[in-house]
Amino acid sequence: MFDPQIIFAGVLNGLLAGGVYVLVAVGLTLIYGVLHIINFAHGSLLMLAMYAVFWLWRLLGVDPYVALPLVIAGAFGFGWLLYRGVIGRFSHGRDENILLITLGLSIVIDNVALLFFGGDTQTIDVPYAGLFVEIGAAFLPLPKIVSFAASLLLCAVLGLYMTRSDTGKAIRAVAKERQGARLVGIDVDNIFAISYGIGIACLGAAACLLMPSYYVTPTSGHAFVLVAFTIVVLGGMGSFIGAAVGGFIIGITEALGGLFLGEQLGQIGISLIFILILLLKPTGLFGSRA
Amino acid sequence: MKSSTRKFSRRGFVAGTTAVAASGLGFPAILGAQPAPVKVGLIHPVTGFVAYNGQQSRLGATMAVEDVNKAGGIKGMGGARLEALLGDSQSKVEVGVSEVEKMNEQGVAAYIGCFQSPVGIAASQAASKYNTPFLIDVGASDLIVNRGLKNVFRLKPGFGVCVDQGVAALGALNKAAGGPAKTAAIVHESGEFGTGTAKLLAGKLPSIGIQPKELIAHDNPTRNFDNIALRIRSMAPDIVMMSNYGNEYMLLARTLFQQKVNVAGFFSVLGGGFNYKFVKEMPDVSQYMMDVNHWYNPRSDKANALKKRVEAGGALFTFEVYLSYSNVMLLAEALERAGSADKEKLTAALAASEFKAELMPYGPTKFVNGQNRGARPAVMQSLKGDIEVIAPEDVSSAKAVFPRPKLG
Amino acid sequence: MSRTALLCLAALAAALVYPLLVPNYLVNIGMLMLFTAFLGQSWNLAGGYAGQTSFGHVVFFGVGAYTSTILQVTYGWNPWLAWPIAMLAGGAVGWMIAVLSFRAGLRGSYFALITLAFAEVFRILANSVPFTRGGLGMLIKADQRPENFQFKDSIWIYYLALALCVISLLIAWQIARGRFGARLVAIRENEDAARALGIDVFAEKVKVLTLSGAMCAAGGTFYAQKYLYIDPSIAFGVDKSVEMLLVTMVGGAGTIFGPLIGSVALTVINEATRGLASVVPALKNVQPLSLVVYGVMLVLIVARLPDGLMGLFRRRPRHA
């Protein structure tokens with residue numbers, strides 16, 4: 001069990017698993033960083049995006065990777081509308097109300113999905129699912145390598161967008177100082193909606209990358225939420241680089257925890273890291289403020 | 001007319017039905033003459049994490065209620081119809097108990113449910129307050145029937161019996177193949193059902209010359225089985241045994257296949273995902289996998305007819321469907337003999353039941369402390385995109401392939 | 001003020017008579033409402049008055065449930081005697097979490113998330129350590145005698161829930177009108193200003209979370225005795241945490257009657273929407289619809305009543 005070959009393979013597995021966590025977490029950290037809310041509907045929206053990928057494949061035969069731009073655009077639009085039409089409008093600008101509304105939305109979305117898609121497990125069987133790369137003791141499935149690379153790429157693109165584009169700069173301004181941003185003429189509500197949309201678009205990407213190796217049911221999105229919160233806290237709420245680094249750290253922790261403590265108790269590693277980071281360095285690895 | 005309806009419908013049934021159909025008025029008159037319906041409370045988790053399983057159970061039970069009614073209702077009670085009350089436990093103990101109370105108010109004669117063992121434990125306890133019979137259609141935990149409650153009946157085998165049968169079948173297979181399997185890794189979900197099954201397995205495997213190397217528990221849901229696959233590959237057991245729910249079963253099977261884990265056999269006990277959808281959608285992954293589970297008797301015409309009907313309706317013929325179906329039939333048969341929906345009489349009739357659960361490969365029903373001793377699981381193997389029964393021999397449909405050919 | 005007192009007395013009288021008039025099913029629903037209100041109130045002390053929103057309050061519930069159940073099942077204690085021990089255990093865990101996280105200066109979402117993580121740690125531990133029997137769960141033997149904390153007639157468990165609820169209301173009332181409450185509200189509104197006023201912010205927050213934890217643990221024991229079975233996901237699952245937070249916020253956080261009103265409203269909505277599916281034949285096969293309606297109602301309540309349902313009874317808006 002303590003064979004370095006196995007540990008090496010475990011680390012690689014963890015890194016690849018972390019890739020998708022990163023995307024889920026990046027969406028969460030963006031929404032938190034800008035809107036200062038904890039999005040309880042995150043898991044449900046991930047599930048919805050996974051169904052979108054599934055149906056595109058089932059009905060139109062679209063490969064999940066080909067569907068990537070389409071699902072990202074759709075998820076952005078859906079998120080934007082959701083904020084404009086429901087969350088922003090009904091929350092009266094109060095954080096605790098946003099929390100309740102996202103909670104309510106999550107119940108609605110889960111059950112609408114159950115109503116229309118049924119409760120059974122759906123999977124996508126892509127021809128490349130069985131391909132893998134062998135490095136030492138590690139068998140790395142191709143879909144996971146792709147999702148790892150793609151999530152790095154998407155994070156980089158998002159990072160560039162946030163630093164270079166006008167909208168990105170406006171988002172960062174709003175995240176730093178709401179009132180100030182309003183005073184210099186930024187449409188804060190619109191920035192909120194756009195940020196929420198981008199956060200959900202990240203979920204769209206995560207869904208496309210997940211589906212070749214995962215499954216979807218009306219409750220399958222929730223499995224990723226707690227781990228995403230952990231990553232967000234670990235990296236520092238609102239920090240992209242933090243989310244990326246945090247995602248990989250958590251992926252590896254989970255893998256090694258599973259190897260040494262058993263898969264069940266190993267999950268405790270994630271929560272313990274979470275608690276320790278909060279207690280010792282609440283700003284996270286890359287966060288700027290408590 | 002009213003008082004003679006029953007005689008009339010027996011004497012000249014064909015003529016009678018044409019007349020009724022033609023007039024269109026006679027039917028309500030017949031209904032009006034019927035005794036009060038017998039209410040059956042169906043409590044299943046049709047929303048939440050196990051919504052699919054709950055819906056399958058509900059499907060099977062409501063089909064059975066329809067069939068009983070179509071066949072003339074409970075003849076021992078003057079042709080009384082069964083009426084299904086549909087309850088949703090929302091996968092929560094409190095809600096399940098709440099449904100028991102509500103349905104008691106509506107005057108149910110018996111309950112059928114609950115899929116999840118914790119809900120079944122609490123709901124049947126609540127029903128015992130009213131001495132109302134509670135039939136556990138699905139619910140693996142042996143805690144359910146070991147509490148001394150007189151109102152609880154379970155037609156299907158508990159995990160203890162499944163483990164015994166599974167170990168016996170595996171032992172026979174292994175012996176016939178010259179004993180290629182000497183060690184096993186057991187992967188199980190961390191809840192009541194997986195943990196209990198795995199512990200029993202680990203205790204019984206040495207008796208057939210197989211040493212359990214390690215018990216690996218995992219959470220529900222588990223996002224990623226890569227590490228479990230890695231561990232299994234590093235300890236190189238001869239067989240991998242699994243006991244978990246549908247999604248994790250499927251994901252684990254797929255991961256083990258993708259990671260090219262080569263063993264003599266995959267053998268699950270109550271593997272939640274071993275069903276037609278799995279073998280049809282992932283024929284390569286499922287090929288040669290074995291499972292000990294509730295299964296229908298492939299040699300039973302009734303079971304095959306029901307399978308056709310369920311599939312014609314666009315649903316899968318999963319174990320929830322025929323277990324819940326059979327439980328309604330068990331109840332109907334007990335009502336026939338009790339001749340009334342009186343709870344005491346019904347409980348006594350159920351306790352003395354010799355119901356023939358012909359959809360499944362069961363012996364005659366015999367309840368001991370509420371557990372049917374005639375129940376037995378079947379051992380199946382996925383072969384060429386279909387599911388074949390490989391044991392017990394009297395109901396088998398194919399010969400097992402063991403050890404399995406090595407993966408490329 | 002006397003009008004409020006009269007109203008309270010009338011409500012109490014109604015609650016006392018209620019189970020005598022309605023069928024068992026409604027007694028059970030009433031019990032659930034009162035019990036959820038009690039749990040909600042325990043959340044409200046810390047989350048409402050002191051503004052320390054927690055996402056993992058279930059950790060106290062679970063510690064209470066497991067403490068009394070282990071004492072009873074493994075060591076043969078009488079559950080009534082195990083009850084105060086369970087409360088002590090819940091209080092101790094509350095104290096520990098409070099000291100750790102407030103010492104580290106955690107506030108707002110950070111505090112909320114750490115409580116969530118603690119609940120998760122306890123769930124995994126309960127699943128892994130031998131003395132909880134892990135995933136097998138713990139079954140309490142049915143022995144329906146009052147001295148055994150089990151009741152044959154569900155009316156008694158209803159009255160017990162009523163007593164718990166009334167006690168929790170009295171605690172909330174005592175806190176709300178006293179200095180302790182004033183200090184908590186000051187901390188909620190502005191921690192730094194409260195500190196400047198000479199309030200020992202850390203000590204007050206630790207005090208309230210300890211109290212809240214003990215109360216919630218009492219609920220855990222009550223639950224275990226009512227349903228006679230617990231397992232790690234029942235005792236430490238996130239559902240219960242959300243439920244406590246939900247009833248309180250919907251009713252009105254930081255108000256005495258908020259949790260009760262919220263619990264009554266949400267239970268009624270849940271029962272009504274669930275009942276809908278069994279009454280309307282066309283809805284029989286679309287059970288999820290009842291939860292869709294429930295979720296929509298939740299969103300609408302928040303949209304219409306940003307102060308919670310208690311906002312209906314208040315003339316002036318709260319300064320938040």
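In the loop between α9 (201-227) and β2 (229-230) of chain C lies L228(C), where helices (H or I, at least four residues) and strands (E, at least two) are DSSP runs numbered from the N terminus. Although L228(C) is not a glycine, its phi is positive, at about 65°. L228(C) is buried, with 21 other C-beta atoms within 10 Å; a residue counts as buried if 20 or more other C-beta atoms, placed from the backbone, lie within 10 Å of its own, as exposed if 12 or fewer do, and as partly exposed in between. The model is predicted, so that local features need pLDDT of at least 70 and side-chain atom pairs count only at pLDDT 80 or more, whereas totals for chains, interfaces and linings use all residues. Residues are numbered from 1 along each chain as its sequence is written, and chains are lettered from A and ligands numbered from 1 in the order in which they are written.

A positive phi is also found in chain B, at N131(B), a residue other than glycine with a value near 55°. N131(B) belongs to the loop between α6 and β4 (134-136) of chain B, and with 13 C-beta neighbours inside 10 Å it counts as partly exposed. Most residues other than glycine have a negative phi, and most peptide bonds are trans. In chain B, the peptide bond from G113(B) to C114(B) is cis, with omega near 5°, and C114(B) is placed in the loop between β3 (110-113) and α6 (117-128). F402(B) and P403(B) are likewise joined by a cis peptide bond, with omega about -10°, and P403(B) lies in the segment after β14 of chain B.

Chain B also contains an open sheet of seven strands with mixed pairing, in the order β7-β6-β8-β9-β10-β13-β14, two strands being paired if DSSP finds at least two bridges between them. β7 (211-218) and β14 (386-391) of chain B stand at the edges with a single partner strand each, so one side of each is left without a neighbour in the sheet. β14(B) runs antiparallel to β13 (residues 378-383) of chain B, to which five bridges join it, and Q381(B) has E388(B) as its bridge partner in β14(B).

Between chains C and A, 33 residues of chain C are in contact with 33 residues of chain A, contact requiring that the C-beta atoms, placed from the backbone, lie within 7 Å. On the side of chain C that touches chain A, at least two residues come from each of α4 (79-103), α5 (108-128), α11 (238-251) and α13 (288-304) of chain C.

Technical notes:
Contact = placed C-beta atoms within 7 Å.
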